Amino acid sequence: MAIRRAMSGRIMDRTAVVGARYMSSWWRSVQPAPKDPILGVTEAFLADQSPDKVNVGVGAYRDDNGKPVVLECVREAERRIAGNLNMEYLPMGGSVKMVEETLKLAYGENSELIKEKRIAAVQALSGTGACRLFADFQKHFCPDSQIYIPVPTWANHHNIWRDAQVPQKTYHYYHPESKGLDFAAMIDDIKNAPNGSFFLLHACAHNPTGVDPSEEQWREISHHIKAKGHFAFFDMAYQGFASGDPEKDAKAIRIFLEDGHHIGIAQSYAKNMGLYGQRVGCLSVLCEDEKQAVAVKSQLQQLARPMYSNPPVHGALIVSTILSDPDLKKQWLKEVKVMADRIIGMRTALRGNLEKLGSPLSWQHITNQIGMFCYSGLTPEQVDRLTNEFHIYMTRNGRISMAGVTTGNVKYLANAIHEVTK
Amino acid sequence: MRPEFTSPSSSSSSSADRRLNALVRHLATPSMVSQTAVAFSPTSGFHGDSVFSHVVRAPEDPILGVTVAYNKDPSPVKLNLGVGAYRTEEGKPFVLNVVRKAEQMLLNDKSRVKEYLPIVGIAEFNKLSAQLIFGADSPAIRENRVTTVQCLSGTGSLRVGAEFLARHYHQKTIYIPQPTWGNHPKVFTLAGLSVKTYRYYDPTTRGLNFQGLLEDLGSAPSGSIVLLHACAHNPTGVDPTLQQWEQIRQLMRSKALLPFFDSAYQGFASGNLDEDAQSIRMFVTDGGECFVAQSYAKNMGLYGERVGALSVVCTAADVASKVESQLKLVIRPMFSNPPIHGASIVATILKDSNMFNEWTIELKAMADRIISMRKQLFDALRARGTPGDWSHIIKQIGMFTFTGLNSKQVEFMTREYHIYMTSDGRISMAGLSSKTVPHLADAIHAAVTRMT
């Protein structure tokens, strides 16, 4: 006891000396992390002073004035919510109402699977959170499995499954020469993967390429995935945004359901309801029966609890308010179509302008591709020129966010692209 | 490539139809059959088997499960003393007036959009949160040695911090107090740390086992991470005195133990924000490093909005900046960027001195109501002559009281008196009102006298 007191006396002298100089940091060896390739683009854009600057980087919708949009149905929903409800914790699985409505969008309004309660579903932190929760679940319950990820894909997909410690492989997807789908190679990869592998599929509006399989191709993909006993996990971040019709955009999923797959789906309201920063989404896993769905849901909750306990309530309330009110839902569907149509219009305009400029290259892919992004085929060097010489910001893989194109900047953009590619 | 045939494609076809479909399609393409190395593995969807068939149902979360059970109970006298969510005297959830005001301001501001936040969240929110917990005049803040990132309430902040530590810190063990919030071990384990405990609560005194605490921390390997409840320890309500905190600090610095503070009740314990941050500020004043997880769930009543912040105090500014960049790499594959709504409310309140003052007043009122409930319960038990020393009810601090009741007694109280609480004997004082104190006192009295 006396020794301890004596020691603590000395220690007090040492620790009483304040100042960073006397203590070294535990973190000196921490390396500065590289900037996120996608979100870093917007940072650079914001720092640019040029009046001509154009941001076709991050996939957030802009109206024809280049402004972010809050949907009218969302504003109305918020008005109804404000001041009326408390902010209590949601259950770990999130808003039951929101999840119910969300499943209808993916599985079908009158889906038997929903009626049979075969779907384990929880509210998740947008698409990222849904993918991450699934990846963690996959790691826990199929620890020997690996995930096959398309080339290319949204960069964060790799991060998500890596952080979940699920080994990843890739499968052929984009065909650079045709700027379309490398279908034969994709089917080969499906056939050559060990039985029972997990495959990540973009349900519609593939990010970053905008290249989607046709309906016939989806049926074949489904067939081969089934034959190998693979697990199909769909990331659906753009339902409604691709064609303008959410039912149409869910076609791939519906085909897989018809074929009897037990799929998983990550859904996001970031784009199609413009709820980006609210982080609203849903993870669902189709099970054999209700009992299994209950078990799976309980385990998903067990993974959510040590990550964030329960999901944020505000965005979920907006979604459930809109989707459970027929008028608001109708309004939403209209607004989604407007957004999708504007993008389709900009694709036509961009291609048209490039052709008018007499570009020697083919720009057909601009209108063939679908959804928010266009995989332009520009090289990183050409992208750098666009940024340095023309103040046009996009990710270095040549991905153009069509949502950032407006009638005001499409000519400028076409000109610039022509300049660096002619 | 595919032969023509029609198949019923309605989404409402039965599972038998679906299987028949698939079979037909399969048999209709003999060329494919010969090409395809068909392997009907047991996990093939064709057989109706799921790859997750083996998943068993997880047990209910012990804390959140209490509310589930409570909700099922039809009794008119039922009382929910489970989850730590504040209730008014009328037993209602409480949205602070200043929060409503802030929400209305945000709603009326047509220029606001719902775009993605940066990965680290709202800059203003982060800055103000750091000031709130460390003090606006904190040398660490002045010297830019603090990095603060917005996270999903306390849980999210702990998880992000723990994941960072698991990747970048040389020691992968965290010491947590015995007992602690039920979710703590899971958060750290899933983040990749291994969990050990240090003695904390003394059941015989219903107070702090200070000797045990010092011994256990004293024998921890140098550099180990130590979880500390900044104030209002959950579940016991037992906090070290300031003198004891100073001793803990000295011991920890001498062994280079890394403090990880969980601050979920700033302002709720004593009613004073600065007082409740004293323990943390001691560890910053000495120039050393620490992690702090902050939650606005209770003190701003923002529970479901999931608002919190993780701060890392470093010894140098460039280090803080590097740490922040690595925190972003943890966050991006977890949820990309944090939810905007709740943090916007907090920033609105913290940056406006009038609203800030309003908040402190409402916060003190909540804390005072809880303190008054403690007094009332203590008096009620004394009036009933309930055997035992119940002074811990008024000595403990914060939202919870560790009654000392055992799980049998708790079960009895639930069964006979419809009182819902966690089986460790923890009651949320916030769930009590002057009207319901007598009922609880009756229940405790009965449990103590009829069950041992």
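A salt bridge is counted here where a side-chain nitrogen of Lys or Arg lies within 4 Å of a carboxyl oxygen of Asp or Glu. The structure is a predicted model, in which local features need pLDDT of at least 70 and side-chain atom pairs count only at pLDDT 80 or more, while totals for chains, interfaces and linings use all residues. Residues are numbered from 1 along each chain as its sequence is written, chains are lettered from A and ligands numbered from 1 in the order in which they are written, and side-chain values use heavy atoms, with hydrogens and water left out.

Over all chains, the structure holds 42 salt bridges. One of them joins Asp341(A) to Lys337(A), with 2.8 Å between the closest N and O atoms. These two residues are separated by about one helical turn, because Asp341(A) and Lys337(A) are four residues apart in helix 14 (residues 326-356) of chain A; helices (H or I, at least four residues) and strands (E, at least two) are DSSP runs numbered from the N terminus.

Between the chains, 112 residues of chain B are in contact (heavy atoms within 4.5 Å) with 106 residues of chain A. The size of an interface is often given as the accessible area lost when the parts come together. Here the buried area, which is the accessible area (1.4 Å probe) that two parts lose on being put together, summed over both, is about 9,500 Å², and carbon and sulfur atoms give 58% of that area. On the side of chain B, the residues that lose the most area to chain A are Phe52(B), Lys114(B) and Tyr116(B), together 9% of what that side buries.

Five salt bridges are found by the rule across the interface of chain B and chain A, and Glu163(B) also meets Arg132(A) in a salt bridge through their side chains (3.8 Å, N to O). Several elements of chain B give two or more residues to the side that touches chain A, including helix 1 (15-27), helix 7 (153-168) and helix 13 (317-335). Helix 13 of chain B provides the largest share of this side, 13 residues. Sorted by class, the side of chain B that touches chain A has 49 nonpolar, 35 polar and 28 charged residues, where Ala, Val, Leu, Ile, Met, Phe, Trp, Tyr, Cys and Pro count as nonpolar, Asp, Glu, Lys and Arg as charged, and the others, Gly among them, as polar.

The backbone was examined as well. Most residues other than glycine have a negative phi, and most peptide bonds are trans. In chain A, a cis peptide bond joins Asn207(A) and Pro208(A), with omega about 20°, and Pro208(A) lies in the loop between strand 7 (198-202) and helix 9 (215-227) of chain A. Ala205(A) is found in the loop between strand 7 and helix 9 of chain A, and phi of Ala205(A) is near 50°, a positive value in a residue other than glycine. In chain B, a cis peptide bond joins Asn234(B) and Pro235(B), with omega about 20°, and Pro235(B) is found in the loop between strand 7 (225-229) and helix 10 of chain B.
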